[in-house]
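This briefing goes through one chain of a structure, topic by topic. Please keep the sequence and the 3D view at hand while reading.

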Amino acid sequence: MEILIILVPLALMLGLAGLAGFLWSLRSGQYDDLDGAAWRAIADDEPPQEAPAKR
Amino acid sequence: MQITRDFSHYVRTAGEGVQHIDLAVEGVHCAGCMAKIERGLSAIPDVTLARVNLTDRRVALEWKQGTLDPSRFIDRLAELGYKAYPYETESAEATEVAGSRFLLRCLGVAAFATLNVMMLSIPVWSGNVSDMLPEQRDFFHWLSALIALPAAAYAGQPFFRSAWRALSNKTTNMDVPISIGVCLALGMSVVETIHHAEHAYFDAAIMLLTFLLVGRFLDQNTRRRTRAVAGNLAALKAETAAKFVGPDEISQVPVAAIHPGDIVLLRPGERCAVDGTVIEGRSEIDQSLITGETLYVTAGRGTPVYAGSMNISGTLRVRVSAASEATLLAEITRLLDNALQARSRYMRLADRASRLYAPVVHATALLTVLGWVIAGASWHDAIVTGVAVLIITCPCALGLAIPTVQTVASGAMFKSGVLLNSGDAIERLAEADHIIFDKTGTLTLPDLAVTNAAEISTDIFELAGRLALSSNHAVAAAVAQAAGARSPIVGAVEEAGQGVRAVVEGVEIRLGRPSFCGAEALAGGVNLDAEASIVAFSKGTEKFILSVRQGLRPDAQAVIAALKARNIGIEILSGDREPAVRAAAHALGIAEWRAGVTPADKIARIEELKRRGARVLMVGDGMNDAPSLAAAHVSMSPISAAHLSQATADLVFLGRPLAPVVAAIDSARKALHLMRQNLWLAIGYNVLAVPIAISGVVTPLIAAAAMSGSSILVMLNSLRACSASRKIV
């Protein structure tokens with residue numbers, strides 16, 4: 001059962017990484033326009049000088 | 001005089017040498033629109049960002065400072081076929097957006113904690129029946145505590161704060177039992193873990209928070225979306241005023257940039273966007289949106305004008321006053337304040353349920369503890385059982401029962417063109433059994449229409465419409481719009497107060513007063529109702545009479561019939577004159593109507609109905625309706641209503657038809673039915689679970705399963721509110 005010493009912190013780290021990712025995506029405004037994002041994914045070509053995202 | 005458009009009020013600086021503006025755009029529906037707009041705007045040199053938000057129907061634009069004028073973007077969007085206008089975030093919407101983000105963050109934290117605590121709990125549950133070492137179990141419990149305690153402290157904030165607010169006001173709400181349940185479950189689990197006990201409830205507590213946060217977030221998100229739509233509609237009305245920036249120079253500025261003391265120009269055919277006093281000029285003004293009276297008022301030096309009045313004939317200079325300076329407005333404000341204070345403190349269904357629920361649950365828990373002690377159990381075991389009762393009865397499903405239905409139902413209402421201003425409006429609307437309609441602007445359309453267009457041949461009507469384009473008169477504008485005229489007649493001359501004339505193919509045509517066109521005899525012979533304005537049109541020796549008036553909403557008759565079929569009492573209370581109200585009531589088959597009613601009389605009538613036990617739905621748009629909208633049990637306004645009324649009403653409906661009123665009532669009734677059903681489901685679950693808890697055999701596994709099972713059941717049931725009946729009439 002010594003494997004727990006590695007597995008438990010590893011699982012927690014992965015969970016925290018997921019949470020950090022979620023909070024980052026929330027802060028960078030990725031939940032501001034869910035309808036638009038759905039369509040953007042299948043749009044053919046974006047205008048070339050398009051800036052990445054609004055703050 | 002020179003006119004410029006000035007949008008500098010909306011532009012803000014977004015970092016080094018970059019300016020930013022937000023535009024509300026009408027008619028963006030799909031990916032195609034999105035790409036078209038973004039490409040079209042990015043093609044303008046020096047634009048650094050053009051991004052469409054499809055959810056909120058807005059565009060964010062950034063460009064290099066000093067290189068572009070914002071009005072260029074609006075023109076470009078108009079070329080592409082979209083109406084756009086700068087948008088300013090109201091504080092109400094900003095609060096909703098911030099609230100929505102905070103809840104989403106809480107939900108993220110709670111969901112993370114739930115997943116990780118569950119990962120630790122499942123080995124413990126299975127280990128308890130197999131061969132887990134007590135040391136390993138304690139280790140897992142401590143780890144769970146390490147995750148759950150900080151997560152609950154953060155994610156539980158919305159509930160703890162609300163519960164604290166309720167308690168410090170000496171009331172109770174659903175968040176009080178939730179907070180007590182969560183705190184006790186966590187506290188007891190820590191104590192149990194210290195004593196190396198077999199069961200800990202970290203998972204149940206944090207899972208409860210996750211489920212409840214889902215409900216809260218959905219609720220908040222609907223409100224945010226409604227606010228965004230309402231904000232766009234307000235922006236797209238593009239209310240501007242011609243403000244004097246020099247003695248002879250005017251600038252078209254947004255209303256938000258106008259301050260008391262400014263002088264604005266009000267031209268014929270314009271709707272006044274500010275409150276003020278006339279300082280120069282004479283005209284007739286239409287104050288129907290303010291008083292409900294359709295007869296024009298003569299305005300001269302010193303006459304107060306209100307936002308929403310339509311200027312008919314002459315040009316006026318108006319000095320802008322701070323609100324409530326004028327006598328009429330002050331009277332309405334006073335009545336409104338009284339009505340808002342007296343508004344019977346409606347107790348939400350959820351609060352009524354929790355007021356019954358909380359004492360019962362807490363008493364049961366106490367009795368359980370005492371019962372076990374009397375039966376000979378140790379205090380420790382008795383308290384553990386008592387806490388288990390509290391955990392299992394923690395109103396998870398109860399907390400979801402109402403917000404989930406509200407979310408789904410308001411989405412369905414949104415589709416049928418109704419926006420909700422207040423969350424509990426659905427419950428109150430479902431109870432309404434008597435409707436009071438205002439006439440002007442509510443049963444009738446706010447704009448003028450030609451009523452006898454069918455009696456005149458199309459080419460004559462079209463010619464009259466083209467001629468009308470040369471006049472500023474509001475009635476002429478209605479004729480031009482009805483005829484769909486686009487190209488004005490070259491060389492048309494307007495004679496002030498008389499009409500317009502022009503010569504086409506050697507024949508003189510005239511549009512205006514009957515005497516101007518030599519059609520007095522014809523006008524005298526036509527028996528038209530009192531509300532209509534009469535315009536004559538002559539082409540050589542041919543004479544025609546056009547009757548212009550506010551028409552009834554296209555489906556008003558069908559809607560009234562549908563409401564009657566639903567056993568709802570209907571009456572009209574109008575500030576307009578008797579003949580006009582009588583005609584409308586007769587046309588719609590409404591037996592009960594009163595004309596010439598003052599705002600105070602309207603309130604008196606509502607109070608009288610209330611005393612008789614009726615629950616009144618008030619539908620009105622005028623500023624004179626605002627106090628009665630607040631006094632009624634529940635209220636609705638069309639989107640064209642005066643600002644004050646729209647802000648007071650519980651629901652706002654869009655568009656020209658009246659059908660949203662019936663659709664909203666139907667959805668609300670269905671929603672209330674589902675809310676009650678959900679409450680019974682939640683209570684039924686408790687009736688099953690509580691005996692198990694009292695008997696002291698509850699394990700964390702049972703608690704978790706019961707909690708998620710009942711929550712999911714309630715959520716699924718709520719989804720049924722979506723299938724609101726399509727047939728309205």
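**Chain B: layout, sheet, helix and interface**

In chain B, the centres of domain 1 and domain 4, taken over C-alpha atoms, are separated by 39 Å. The model is a predicted one. The points below start with the whole chain and then turn to single parts of it.

**Overall layout**

- Along the principal axes, the C-alpha atoms of chain B fill a box of roughly 110 × 65 × 45 Å.
- Chain B contains 24 helices and 28 strands.
- Of the 729 residues in chain B, 48% are buried.
- Among the contacts in chain B with a separation of 6 or more, 68% are between residues 24 or more positions apart.

**Domains**

- Domain 1 of chain B covers 8-87, domain 3 covers 240-326 and domain 5 covers 449-549.
- Domain 2 of chain B is made of the segments 94-230, 337-407 and 673-723.
- Domain 4 of chain B is made of 419-445 and 552-668.

**An open sheet**

- Seven strands of chain B form an open sheet with mixed pairing, in the order S16-S28-S27-S26-S17-S24-S25.
- Strand S16 (418-420) and strand S25 (592-594) of chain B are at the edges and each has a single partner strand, so one side of each is left without a neighbour in the sheet.
- On average, neighbouring strands of this sheet are turned by 20 degrees against each other, direction ignored.
- Within chain B, strand S17 (residues 434-437) and strand S24 (residues 569-573) run parallel and are joined by 4 bridges.
- Opposite Phe437(B) stands Ile572(B), in S24(B).

**Helix H15 and its cover**

- Helix H15 of chain B spans residues 458-468, and its buried residues are Phe461(B), Leu463(B), Ala464(B), Gly465(B), Arg466(B), Leu467(B) and Ala468(B).
- The cover over the buried residues of H15(B) includes helix H16 (474-483) of chain B.
- Four strands of chain B are also included in this cover: S20 (499-504), S21 (507-512), S22 (533-539) and S23 (542-552).

**Where chain B touches chain A**

- In chain B, 26 residues are in contact with 23 residues of chain A.
- On the chain B side, the elements that give two or more residues are helix H1 (31-42), strand S4 (47-53), helix H3 (91-129) and helix H4 (134-155).
- H3(B) gives the largest share of this side, 9 residues.
- By class, the side of chain B that touches chain A consists of 14 nonpolar, 7 polar and 5 charged residues.

How values were computed
Residues are numbered from 1 along each chain as its sequence is written. Chains are lettered from A and ligands numbered from 1 in the order in which they are written. This is a predicted model: local features need pLDDT of at least 70, side-chain atom pairs count only at pLDDT 80 or more; totals for chains, interfaces and linings use all residues. A residue is buried if 20 or more other C-beta atoms lie within 10 Å of its own, exposed if 12 or fewer, and partly exposed in between; C-beta atoms are placed from the backbone. Two residues are in contact if their C-beta atoms, placed from the backbone, lie within 7 Å. Domain bounds come from an automatic or database domain assignment. Two strands pair if DSSP finds at least two bridges between them. Axes are lines fitted to C-alpha atoms, for helices over the stretch in contact, and angles run from 0 to 180 degrees between N-to-C directions. Ala, Val, Leu, Ile, Met, Phe, Trp, Tyr, Cys and Pro count as nonpolar, Asp, Glu, Lys and Arg as charged, and the others, Gly among them, as polar.
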